Amino acid sequence: MQHPVTGADESAAGTDADPAVEPDTAEAVPARSRARRVWWPAALATAVALCLGVPALLASGPSASGTSAAAPSNTSAEAGFARDMAAHHQQAIDMSFIVRDRTQDSAVRNLAFDIINTQANQRGMLMGWLDHWGLPQSSGDQPMAWMKMDHAYVAHDGSLMPGMATNADLAKLRTLSGRDAEVFYLQLMVQHHKGGVEMAQGYVDLSADPVEKRLAQTMVNGQLSEIDMITQMLAERGAKPLP
(Lines give C-alpha, C1' and ligand atoms only; values in the text may rest on other atoms or scores of the structure.)
Protein backbone atom coordinates (compact mmCIF):
# COMPACT_ATOMS: atom_id res chain seq x y z
CA MET A 1 0.00 0.00 0.00
CA GLN A 2 1.29 3.48 -0.79
CA HIS A 3 1.39 6.11 1.94
CA PRO A 4 -1.29 8.77 1.23
CA VAL A 5 1.13 11.58 2.12
CA THR A 6 4.57 10.44 0.97
CA GLY A 7 3.91 7.51 -1.37
CA ALA A 8 6.08 5.24 0.85
CA ASP A 9 5.25 1.55 1.03
CA GLU A 10 2.85 0.53 3.83
CA SER A 11 2.44 -3.23 3.56
CA ALA A 12 2.77 -4.12 7.24
CA ALA A 13 -0.91 -4.87 7.68
CA GLY A 14 -0.95 -7.52 5.03
CA THR A 15 2.20 -9.30 6.23
CA ASP A 16 1.52 -9.34 9.95
CA ALA A 17 -2.21 -10.02 10.02
CA ASP A 18 -3.66 -13.06 11.76
CA PRO A 19 -6.99 -12.09 13.39
CA ALA A 20 -9.93 -14.45 13.30
CA VAL A 21 -13.46 -13.59 12.26
CA GLU A 22 -14.61 -13.27 15.87
CA PRO A 23 -12.09 -11.95 18.41
CA ASP A 24 -13.28 -14.02 21.35
CA THR A 25 -13.02 -17.33 19.46
CA ALA A 26 -9.71 -16.68 17.74
CA GLU A 27 -7.88 -19.45 19.52
CA ALA A 28 -10.34 -22.11 18.37
CA VAL A 29 -9.96 -21.41 14.66
CA PRO A 30 -7.23 -23.29 12.77
CA ALA A 31 -4.26 -21.12 11.83
CA ARG A 32 -4.66 -21.67 8.09
CA SER A 33 -8.33 -20.68 8.23
CA ARG A 34 -7.48 -17.54 10.17
CA ALA A 35 -4.80 -16.63 7.65
CA ARG A 36 -7.26 -16.92 4.78
CA ARG A 37 -9.88 -14.79 6.53
CA VAL A 38 -7.73 -12.24 8.45
CA TRP A 39 -8.01 -9.48 5.91
CA TRP A 40 -11.72 -9.36 5.33
CA PRO A 41 -13.05 -7.25 8.26
CA ALA A 42 -10.89 -4.23 7.46
CA ALA A 43 -11.14 -4.72 3.71
CA LEU A 44 -14.92 -5.03 3.88
CA ALA A 45 -15.23 -1.92 6.02
CA THR A 46 -13.12 0.07 3.56
CA ALA A 47 -15.06 -1.24 0.56
CA VAL A 48 -18.40 -0.40 2.16
CA ALA A 49 -17.23 3.11 3.01
CA LEU A 50 -15.99 3.70 -0.50
CA CYS A 51 -19.06 2.22 -2.20
CA LEU A 52 -21.69 3.80 0.05
CA GLY A 53 -19.94 6.89 1.37
CA VAL A 54 -19.25 8.56 -1.95
CA PRO A 55 -22.83 8.30 -3.32
CA ALA A 56 -24.11 9.64 0.00
CA LEU A 57 -21.93 12.68 -0.45
CA LEU A 58 -23.72 13.50 -3.67
CA ALA A 59 -26.82 14.15 -1.60
CA SER A 60 -25.37 15.40 1.68
CA GLY A 61 -21.69 16.20 1.05
CA PRO A 62 -19.99 19.57 1.26
CA SER A 63 -20.61 20.66 -2.33
CA ALA A 64 -24.32 19.76 -2.17
CA SER A 65 -25.22 20.84 1.33
CA GLY A 66 -25.44 24.53 0.54
CA THR A 67 -22.46 25.37 2.74
CA SER A 68 -20.02 25.52 -0.15
CA ALA A 69 -20.52 26.23 -3.84
CA ALA A 70 -17.47 24.24 -4.90
CA ALA A 71 -15.36 21.29 -3.82
CA PRO A 72 -12.45 22.06 -1.47
CA SER A 73 -9.16 23.02 -3.06
CA ASN A 74 -6.14 20.75 -3.11
CA THR A 75 -4.48 22.81 -0.37
CA SER A 76 -7.56 23.18 1.84
CA ALA A 77 -7.91 21.98 5.41
CA GLU A 78 -10.54 19.50 4.18
CA ALA A 79 -8.13 17.86 1.74
CA GLY A 80 -5.18 18.02 4.12
CA PHE A 81 -7.09 16.49 7.00
CA ALA A 82 -8.47 13.70 4.81
CA ARG A 83 -4.98 12.73 3.59
CA ASP A 84 -3.18 13.08 6.91
CA MET A 85 -5.77 11.31 9.04
CA ALA A 86 -5.93 8.49 6.49
CA ALA A 87 -2.17 8.04 6.90
CA HIS A 88 -2.44 8.24 10.69
CA HIS A 89 -5.26 5.67 10.72
CA GLN A 90 -3.35 3.30 8.47
CA GLN A 91 -0.54 2.99 10.99
CA ALA A 92 -3.00 2.24 13.81
CA ILE A 93 -4.46 -0.52 11.62
CA ASP A 94 -0.96 -1.87 10.92
CA MET A 95 -0.02 -1.94 14.62
CA SER A 96 -3.28 -3.66 15.51
CA PHE A 97 -2.70 -6.40 12.96
CA ILE A 98 0.80 -6.91 14.36
CA VAL A 99 -0.28 -7.34 17.98
CA ARG A 100 -3.12 -9.73 17.15
CA ASP A 101 -0.48 -12.20 15.96
CA ARG A 102 1.60 -11.83 19.11
CA THR A 103 -0.81 -12.27 22.01
CA GLN A 104 -3.70 -14.51 22.97
CA ASP A 105 -5.07 -11.97 25.48
CA SER A 106 -8.73 -11.50 24.61
CA ALA A 107 -8.96 -7.88 25.83
CA VAL A 108 -6.04 -6.72 23.70
CA ARG A 109 -7.18 -8.73 20.69
CA ASN A 110 -10.69 -7.29 20.98
CA LEU A 111 -9.27 -3.76 21.16
CA ALA A 112 -7.12 -4.43 18.10
CA PHE A 113 -10.14 -5.85 16.25
CA ASP A 114 -12.19 -2.73 17.07
CA ILE A 115 -9.42 -0.35 15.98
CA ILE A 116 -8.90 -2.24 12.71
CA ASN A 117 -12.57 -2.08 11.79
CA THR A 118 -13.35 1.44 13.03
CA GLN A 119 -10.31 3.11 11.54
CA ALA A 120 -10.46 1.17 8.25
CA ASN A 121 -14.06 2.34 7.86
CA GLN A 122 -13.16 5.96 8.64
CA ARG A 123 -10.14 5.80 6.35
CA GLY A 124 -12.38 4.61 3.52
CA MET A 125 -14.67 7.59 4.08
CA LEU A 126 -11.74 10.02 3.96
CA MET A 127 -10.41 8.51 0.74
CA GLY A 128 -13.93 8.52 -0.69
CA TRP A 129 -14.27 12.24 -0.02
CA LEU A 130 -11.03 12.99 -1.84
CA ASP A 131 -12.26 10.96 -4.79
CA HIS A 132 -15.62 12.75 -4.75
CA TRP A 133 -13.86 16.11 -4.71
CA GLY A 134 -11.67 15.09 -7.65
CA LEU A 135 -8.50 15.51 -5.57
CA PRO A 136 -5.41 13.25 -5.46
CA GLN A 137 -4.98 10.97 -2.47
CA SER A 138 -1.35 12.04 -1.99
CA SER A 139 0.32 15.42 -1.82
CA GLY A 140 3.79 16.91 -1.64
CA ASP A 141 2.72 19.24 1.17
CA GLN A 142 4.23 18.94 4.62
CA PRO A 143 1.96 16.76 6.79
CA MET A 144 -0.43 18.85 8.89
CA ALA A 145 0.63 22.08 7.12
CA TRP A 146 -3.10 22.83 6.81
CA MET A 147 -3.29 23.26 10.60
CA LYS A 148 -1.15 26.43 10.43
CA MET A 149 0.66 25.48 13.63
CA ASP A 150 3.30 27.76 15.13
CA HIS A 151 5.71 24.84 15.24
CA ALA A 152 6.27 22.11 12.68
CA TYR A 153 6.62 18.47 13.67
CA VAL A 154 9.95 17.08 12.52
CA ALA A 155 9.25 13.80 10.74
CA HIS A 156 11.74 11.07 11.56
CA ASP A 157 12.17 7.34 10.97
CA GLY A 158 8.70 6.89 9.50
CA SER A 159 6.93 8.99 12.14
CA LEU A 160 5.36 11.64 9.93
CA MET A 161 3.02 13.27 12.45
CA PRO A 162 2.65 13.59 16.25
CA GLY A 163 1.81 10.29 17.91
CA MET A 164 2.94 8.10 15.04
CA ALA A 165 5.31 5.25 15.89
CA THR A 166 8.73 5.10 14.28
CA ASN A 167 9.93 2.31 12.05
CA ALA A 168 12.10 1.18 14.97
CA ASP A 169 9.03 1.01 17.22
CA LEU A 170 7.18 -1.17 14.72
CA ALA A 171 10.21 -3.43 14.28
CA LYS A 172 10.43 -3.84 18.06
CA LEU A 173 6.72 -4.66 18.34
CA ARG A 174 7.20 -7.45 15.79
CA THR A 175 9.84 -9.07 18.01
CA LEU A 176 7.69 -9.16 21.17
CA SER A 177 5.04 -11.60 22.33
CA GLY A 178 2.65 -12.10 25.23
CA ARG A 179 2.54 -9.44 27.93
CA ASP A 180 5.54 -7.56 26.47
CA ALA A 181 3.75 -7.16 23.12
CA GLU A 182 0.53 -6.15 24.86
CA VAL A 183 2.16 -3.44 26.96
CA PHE A 184 4.22 -1.97 24.14
CA TYR A 185 1.26 -1.95 21.77
CA LEU A 186 -0.95 -0.25 24.36
CA GLN A 187 1.74 2.34 25.07
CA LEU A 188 2.19 3.07 21.37
CA MET A 189 -1.57 3.30 20.89
CA VAL A 190 -1.99 5.86 23.68
CA GLN A 191 0.60 8.06 21.97
CA HIS A 192 -1.01 7.42 18.59
CA HIS A 193 -4.48 8.35 19.82
CA LYS A 194 -3.18 11.54 21.46
CA GLY A 195 -1.72 12.62 18.15
CA GLY A 196 -4.93 11.69 16.36
CA VAL A 197 -7.04 13.68 18.82
CA GLU A 198 -4.81 16.74 18.36
CA MET A 199 -5.21 16.57 14.59
CA ALA A 200 -8.95 15.88 14.62
CA GLN A 201 -9.61 18.67 17.13
CA GLY A 202 -7.51 21.02 15.02
CA TYR A 203 -9.73 20.23 12.07
CA VAL A 204 -12.92 20.68 14.12
CA ASP A 205 -11.68 24.14 15.10
CA LEU A 206 -10.87 25.12 11.50
CA SER A 207 -13.54 23.53 9.33
CA ALA A 208 -16.89 24.85 8.20
CA ASP A 209 -17.71 21.56 6.43
CA PRO A 210 -20.44 19.95 8.60
CA VAL A 211 -20.04 16.44 7.19
CA GLU A 212 -16.29 16.02 7.65
CA LYS A 213 -16.44 18.04 10.87
CA ARG A 214 -18.89 15.52 12.38
CA LEU A 215 -16.53 12.68 11.54
CA ALA A 216 -13.59 14.53 13.09
CA GLN A 217 -15.58 15.15 16.29
CA THR A 218 -16.49 11.45 16.38
CA MET A 219 -12.76 10.66 16.21
CA VAL A 220 -12.01 13.05 19.08
CA ASN A 221 -14.71 11.56 21.29
CA GLY A 222 -13.93 7.94 20.46
CA GLN A 223 -10.17 8.17 20.83
CA LEU A 224 -10.33 10.11 24.10
CA SER A 225 -12.55 7.34 25.48
CA GLU A 226 -10.12 4.69 24.24
CA ILE A 227 -7.16 6.49 25.82
CA ASP A 228 -8.87 6.15 29.21
CA MET A 229 -9.62 2.47 28.58
CA ILE A 230 -6.10 1.70 27.33
CA THR A 231 -4.54 3.48 30.32
CA GLN A 232 -6.60 1.21 32.58
CA MET A 233 -5.49 -1.84 30.59
CA LEU A 234 -1.87 -0.79 31.10
CA ALA A 235 -2.44 -0.40 34.85
CA GLU A 236 -3.86 -3.93 34.97
CA ARG A 237 -0.56 -5.09 33.47
CA GLY A 238 1.56 -3.09 35.91
CA ALA A 239 2.57 -0.52 33.29
CA LYS A 240 1.98 3.15 32.45
CA PRO A 241 1.71 5.19 29.24
CA LEU A 242 4.97 6.42 27.78
CA PRO A 243 6.04 9.89 29.00
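Tyrosine 203 is buried, with a relative accessible area of 0%, where buried means under 20%, exposed over 50% and partly exposed in between, for a 1.4 Å probe and protein chains only. The model is predicted, so local features need pLDDT of at least 70 and side-chain atom pairs count only at pLDDT 80 or more, while totals for chains, interfaces and linings use all residues. Residues are numbered from 1 along each chain as its sequence is written, and side-chain values use heavy atoms, leaving out hydrogens and water.

**Aromatic cluster**
- Ring pairs join Phe81, Trp146 and Tyr203 into a cluster; rings of Phe, Tyr and Trp (its six-membered ring) pair if their centres lie within 6.5 Å, and planes under 30 degrees apart count as stacked, over 60 as edge-to-face and the rest as tilted.
- Tryptophan 146 is buried as well, at a relative accessible area of 7%.
- The rings of phenylalanine 81 and tryptophan 146 have centres 5.9 Å apart and planes at 80 degrees, so this pair is edge-to-face.
- Both phenylalanine 81 and tryptophan 146 are buried.
- For tryptophan 146 and tyrosine 203 the centres are 6.1 Å apart and the planes at 75 degrees, so this pair is edge-to-face.

**Helix packing**
- The axes of H5 (residues 106-133) and H7 (residues 178-206) come within 11 Å and cross at roughly 35 degrees, the axes being lines fitted to C-alpha atoms over the stretch in contact, with angles from 0 to 180 degrees between N-to-C directions; helices are DSSP runs (H or I, at least four residues) numbered from the N terminus.

Note on methods
Helices (H or I, at least four residues) and strands (E, at least two) are DSSP runs, numbered from the N terminus.
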